[in-house]
Amino acid sequence: MTRFGVQLHGSFPMWEYPALARAVESHAVFTELTVHDVVWWRPVWPILALVAEHTDRVLVGPDVTHPYLVHPAVTAQNLAALDELSRSRAVLGVGRGSFLEPLGIRRAQSIGRVKGMVEEVQQLLAGTHPAAALSWKPPRPRVPVFLGAFGERMVAAAGGGWCDEVRPPGTWDTRYFEHLRGLLPAGVELGCDVWVSLDSDRERARDLAREQLARFLPQMKAMTDFYGVDPAAPITDEVLDLFFAAGSPADIERGLARLLEAAPATVIFSGRLGPDPARAISLLARATSF
């Protein structure tokens, strides 16, 4: 059975996250609520603390954090604190990061850096790090890990036990998703992250989606190359529907039925969600109630 969840971006005022978290958890179909870690938005760990404090059931964690701005020890202490606050509901989403170019950061050796970060975080949680230790005992010696990735080499490197699941972002058309399935190591699940803009006003939802997609596409080279899309060109309806679940509830229901035929382990609805995010959460829950 496919699991469903929601990923919130750091685009909302801080005081709105408790209500959004309660809205997600009020729908039994959602089992996970993550928050996107992007340096230019509101910081992920304070938002996750709010989410954990105002929920009791859903898994919570960053989606995704990366090794290029902080040491793995900082990630480990934040993750352990989140696991304590949430009473062992934390998950760790990792990836190579995005929108780091203005800082002059080159994401070199990203496979080794991401994998090494995860391994060091888990060692600190378990108390098995060869040179250092947290001064308090985390609730669990290991937390589940998923990898937000769409590059072929990164996906192929997900085996060996350091990663439980791979979730490529921008998945709506399923052809690239199926392509990645052929590269996935044995024992690793394949889920997906679905960018959503949902509203009863179809064109209003699609206008918001175009605005968001224009920002993300330049970061998605492997996928834009696969589909033959110029990320600098105006976003046509055809391009929008490759990467974004955008439109009315009927549009999303039709597209979701097609996506589920590809049998993703997890579907995470991501982003601003729609012009009215609380309303979009309710509509998404209805669309997933089969």
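Modeller: A residue counts as exposed when its relative accessible area is over 50%, as buried when that area is under 20%, and as partly exposed in between. Please keep in mind, as we go through the examples, that the structure shown here is a predicted model.

Biologist: Then let me start with Arg286: is Arg286 exposed or buried?

Modeller: Arg286 has a relative accessibility of 51%, and because the cut-off for exposed is over 50%, Arg286 counts as exposed. You will find Arg286 in helix 11, which covers residues 277–287. For a sense of how the chain folds back here, look at Pro249, which is 37 residues from Arg286 in sequence, while their C-alpha atoms are 8.9 Å apart in space.

Biologist: How is Asp225 classed?

Modeller: Asp225 sits in helix 8, residues 221–227, and its relative accessibility is 48%, which is why Asp225 counts as partly exposed.

Biologist: Where is Ser98 found, and which residues does Ser98 touch?

Modeller: Ser98 is found in the loop between strand 4 (92–94) and helix 4, and with a relative accessible area of 18% Ser98 is buried. Again leaving out residues up to four places away in sequence, Ser98 touches Val38, Arg107 and Gln219.

Biologist: What joins the side chains of Glu32 and Arg167?

Modeller: The link is a polar contact of 2.7 Å. Glu32 lies in strand 2, residues 30–35, and Glu32 counts as buried, since its relative accessibility is 5%. Apart from its neighbours within four places in sequence, the contacts of Glu32 include Phe4, Val6, Phe146, Ile268 and Arg167.

Biologist: I would like to read a pair of helices next. At what angle do helix 3 and helix 4 pack?

Modeller: To read such a pair, we look at the angle between the axes, the distance between them and the residues that meet. Helix 3 (residues 72–85) and helix 4 (residues 110–126) pack at an angle of about 50 degrees, and their axes are 9 Å apart. That angle makes helix 3 oblique to helix 4, and helix 3 passes helix 4 in a right-handed crossing. On the side of helix 3 the contact is made by Pro72, Ala73, Thr75, Ala76, Leu79 and Ala80, and on the side of helix 4 by Met117, Glu120, Val121, Leu124 and Leu125. By class, the contact of helix 3 with helix 4 has nine nonpolar residues, one polar residue and one charged residue.

Biologist: Which residues of helix 10 and helix 11 meet?

Modeller: Pro249, Ile252, Glu253 and Leu256 of helix 10 meet Leu283, Leu284 and Ala287 of helix 11. These residues divide into six nonpolar, no polar and one charged. The axes of helix 10 (residues 249–260) and helix 11 come within 10 Å and cross at roughly 40 degrees, and therefore the two helices are oblique to each other; their crossing is right-handed.

Biologist: Which residues are joined by a cis peptide bond?

Modeller: Asp63 and Val64 are joined by a cis peptide bond, with an omega of about -5 degrees, and Val64 is in the loop between strand 3 (59–62) and helix 3.

Biologist: What is the phi of Arg87, and what is the phi of Ala263?

Modeller: Arg87, although not a glycine, has a positive phi of about 60 degrees. Arg87 lies in the loop between helix 3 and strand 4, and at 71% relative accessibility Arg87 counts as exposed. Ala263, also not a glycine, has a positive phi of about 55 degrees, and Ala263 lies in the loop between helix 10 and strand 10 (266–273).

Methods: Residues are numbered from 1 along each chain as its sequence is written. This is a predicted model: local features need pLDDT of at least 70, side-chain atom pairs count only at pLDDT 80 or more; totals for chains, interfaces and linings use all residues. Side-chain values use heavy atoms; hydrogens and water are left out. Helices (H or I, at least four residues) and strands (E, at least two) are DSSP runs, numbered from the N terminus. Buried means under 20% relative accessible area, exposed over 50%, partly exposed in between (1.4 Å probe, protein chains only). A polar contact is a pair of N or O atoms within 3.5 Å; within protein, one must be able to donate a hydrogen and the other to accept it, and residues adjacent in sequence count only if both atoms are side-chain atoms. Contact means heavy atoms within 4.5 Å. Axes are lines fitted to C-alpha atoms, for helices over the stretch in contact, and angles run from 0 to 180 degrees between N-to-C directions. Angles under 35 degrees count as roughly parallel, over 145 as roughly antiparallel, 65 to 115 as roughly perpendicular and the rest as oblique. A crossing is left-handed if the near helix is turned anticlockwise from the far one by less than a right angle, and right-handed if clockwise. Ala, Val, Leu, Ile, Met, Phe, Trp, Tyr, Cys and Pro count as nonpolar, Asp, Glu, Lys and Arg as charged, and the others, Gly among them, as polar.
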